[in-house]
Amino acid sequence: MRLTDRDYDDIDASLAAHDAFLRARYPGDRPGRQPVHTVYVPADRLDDFRDWGSIALETMDRHDFPWPDPAVREKLGREPIEDLRVDFEDGYGVRDDDQEDIAVREAAKILAGGPRPPFLGIRIKSLEAPTRRRSLRTLDLFLDTYQDLVNITLPKVSGPDQVLAMVTLCERIERSYGLSAGALTFEIQIELPSAVLAADGSAVVARLITAAGGRCTGLHYGTYDYSAAAGVAAAYQSMEHPVADYAKAVMQAAVAQTGVRLSDGSTNILPVGDTDQVHRAWELHRRLVRRSLENGYYQGWDLHPAQLPTRYAATYEFFRDGRDAAVTRLRRYLDRQDSGIADEPATARALAGYLLRGLDCGALDDAGFSRDDLAALA
């Protein structure tokens, strides 16, 4: 061997900065449960969010839900909404300042007054010039009134400068409210092509995550704003349009191994009307949820209580359908058996992560391994 200890040390030294960058930028998937959906409820209609489960169950019974599952019914009775977002943006609209101030205080009062979903947040208006000051006022007033940490969703982000401004805002709020540094985090909504691809051809999404300085916890795809901005006719705007698939593929590459989670968008075809209309909407939603899961998007938006049955039915089916094969492959990998599939360590991590998600969302009672073992492997 001709290499000396000094040669090894020199190579280590030359890559030390890059090693530190990799540890900081790509720490791996964020541990812990990821909600399967985010429910957006306009702030002025927040008072009925606790009824979503009963509304969903009643709709299932009235329209003869085609995929009956006791676990889905139990979920809707116990925890129908996993992640609630109080919406002060598109769903709420533009009101005068006095009206929105009242809505902010009322929303905080409603949330503080009873049971809440396990994940909770607020979508403020964008930091574009026309809505910027109202957005800051709403966030400040909500935090002052609710006095608890929530997820903050920043919509219609068009470039890194807005993310840097959001970081500055978080720092100032933390100092003002006596919060620890880094306590406030936020999600970025990707609703504009300029947030995916820059004029120079670079991927803006990756720069948004960098600008967030570790505060970005998720990227949420906005189906209809993005499609419209890309020039897709209204009749063809969809989560499965090629325009949407391209944007989400870039987003997926940007967040991989960063700990930033990805959420798909929504369908605006709601399960309302007569039974035929409801069934068609259910079929579409179930298929789109399954498609998102197969593409690696484990979270999406729901806009109506009657979408909850198909959200959980499709999610539970996805994990149950693949459970046995995943357990077998992972056991054979760990036992180094000849399975006919040459799995690598990365695939083993993916198999463990898949089973862990199945446990977290309630689809699986038995994932073939203990939760601790799966967490260690993932």
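Is Asp 321 buried or exposed, and at what relative accessibility?

Modeller: Happy to! Asp 321 counts as exposed, because its relative accessibility is 55%; the cut-offs are under 20% relative accessible area for buried and over 50% for exposed, with partly exposed in between, using a 1.4 Å probe and protein chains only. Before we go on, please keep in mind that this is a predicted model, where local features need pLDDT of at least 70, side-chain atom pairs count only at pLDDT 80 or more, and totals for chains, interfaces and linings use all residues. Residues are numbered from 1 along each chain as its sequence is written, and side-chain values use heavy atoms, with hydrogens and water left out.

Now for the partner of Asp 321. Side chains of opposite charge can pair when their charged atoms come close. Asp 321 forms a salt bridge with Arg 290, and the closest N and O atoms are 3.0 Å apart (a salt bridge is a side-chain nitrogen of Lys or Arg within 4 Å of a carboxyl oxygen of Asp or Glu). This pair links distant parts of the chain, with Arg 290 in helix H11 and Asp 321 in helix H12 (residues 308-335), 31 residues apart. Helices (H or I, at least four residues) and strands (E, at least two) are DSSP runs, numbered from the N terminus. Arg 290 is partly exposed, with a relative accessible area of 24%.

Next, look at Arg 291. Its side chain meets that of Asp 245 in a salt bridge at 2.7 Å, N to O. Arg 291 lies in helix H11 (residues 275-294) and Asp 245 in helix H10 (residues 242-255), so this pair ties together parts that are 46 residues apart in sequence. Arg 291 counts as partly exposed because its relative accessibility is 23%, and Asp 245 also counts as partly exposed, at 24%.

Glu 89 and Arg 123 form a salt bridge whose closest N and O atoms are 3.4 Å apart. Glu 89 sits in the loop between strand S2 (83-87) and helix H5 (97-112), while Arg 123 is in strand S3 (residues 119-123), so the pair ties together parts that are 34 residues apart in sequence. Both of these residues are buried. A search of the whole structure finds 35 salt bridges.

Gln 257 is in the loop between H10 and strand S7 (261-263). Most residues other than glycine have a negative phi. The phi of Gln 257, however, is positive, near 65 degrees. Gln 257 counts as partly exposed, at 43% relative accessibility. Asp 64 also has a positive phi, near 55 degrees, and lies in the loop between helix H3 (52-62) and helix H4 (70-78). With a relative accessible area of 58%, Asp 64 is exposed.

Finally, step back to the whole protein. There are 14 helices and 8 strands. The radius of gyration is 22 Å, close to the 21 Å that the globule rule gives for 378 residues, so the protein is as compact as a globular protein of that length; the radius is taken over C-alpha atoms, and the rule is 2.2 Å times the number of residues to the power 0.38. Buried residues make up 47% of the 378 residues.
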